[in-house]
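Hi everyone, thanks for coming. I'd like to walk you through one structure today, so please have a look at it with me.

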Amino acid sequence: MKKLFLYMLLGLLWCNVGFAIENNKYDALYDRAEKAKGKEVLLIVMELNYGMIELIELMQKCADEYDLYNNTDGKFCKTYMSNRTNEKKLVKVGVAVGAEVTKIVGLYADNSNPPEWVKAFAESYNRNLNLLDKWEVLNDKLKKAHGYY
């Protein structure tokens, strides 16, 4: 019985740690974004893209759920609404890294043969802009669906 209790306790502690790590990942990304220079910006933009892809997938599932059932009480919409703080944190990361992005773009804009990391940065940045367009469309749709437009 003691072992069973111990296993249950350790399992609950492990779940709690996993949730705390997931909840704080954008806080740590923001801290890195504030100090990022050069190639580090590329890594942050890539992580920002992954976060946006996760968010957009959840938003799309909520929008599909709304189209199907004409309400926002479904599993995906509830999950989306409970994760709005992560959405705000992603925006905060994008703003924090924005000045350095502008600097990199300006520095290599006229260069016909930029370094490889700058080419990768440009691809990642363009992907980020495309994701942002998708996010805006879904955000408008979900604002209307949730009635906070």
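Predicted model: local features only at pLDDT ≥ 70, side-chain atom pairs only at ≥ 80, totals over all residues.

Let's begin with the cysteines. How many disulfides does a search of the whole structure find? There is one, and it joins Cys62 to Cys77, with an S to S distance of 2.1 Å. As a reminder, a disulfide is a covalent bond between the sulfur atoms of two cysteines. Cys62 sits in helix α2 and Cys77 in helix α3, residues 75–82, so this pair links distant parts of the chain, 15 residues apart. Is the pair buried or exposed? Both Cys62 and Cys77 are buried. For those who like geometry, the torsion about the S-S bond is about 105°, which makes this disulfide right-handed.

Now to the helices that carry those cysteines. The axes of α2 and α3 come within 8 Å and cross at roughly 135°, and α2 and α3 are therefore oblique to each other. On the α2 side, the contact includes Leu55, Leu58 and Cys62, which meet α3 residues including Phe76, Cys77 and Tyr80. By class, that contact has seven nonpolar, one polar and three charged residues.

Helix α2, residues 39–69, also packs against helix α4, residues 84–108. Here the angle is about 150° and the axes are 10 Å apart. α2 passes α4 in a left-handed crossing. Among the residues in contact are Ile44, Leu48 and Gly51 of α2, and Leu90, Gly94 and Val97 of α4. This contact divides into eleven nonpolar, two polar and two charged residues.

Definitions and conventions
Residues numbered from 1 in each chain as written. Heavy atoms only, no water. Axes fitted to C-alpha atoms, helices over the stretch in contact; angles between N-to-C directions. Helix = DSSP H or I, 4+ residues; strand = E, 2+ residues; numbered from the N terminus. Left-handed = near helix turned anticlockwise from the far one by under 90°. Contact = heavy atoms within 4.5 Å. Nonpolar A, V, L, I, M, F, W, Y, C, P; charged D, E, K, R; others polar. Disulfide = S-S within 2.5 Å. Buried < 20%, exposed > 50% of the residue type's maximum accessible area, 1.4 Å probe, protein only. Parallel < 35°, antiparallel > 145°, perpendicular 65-115°, else oblique.
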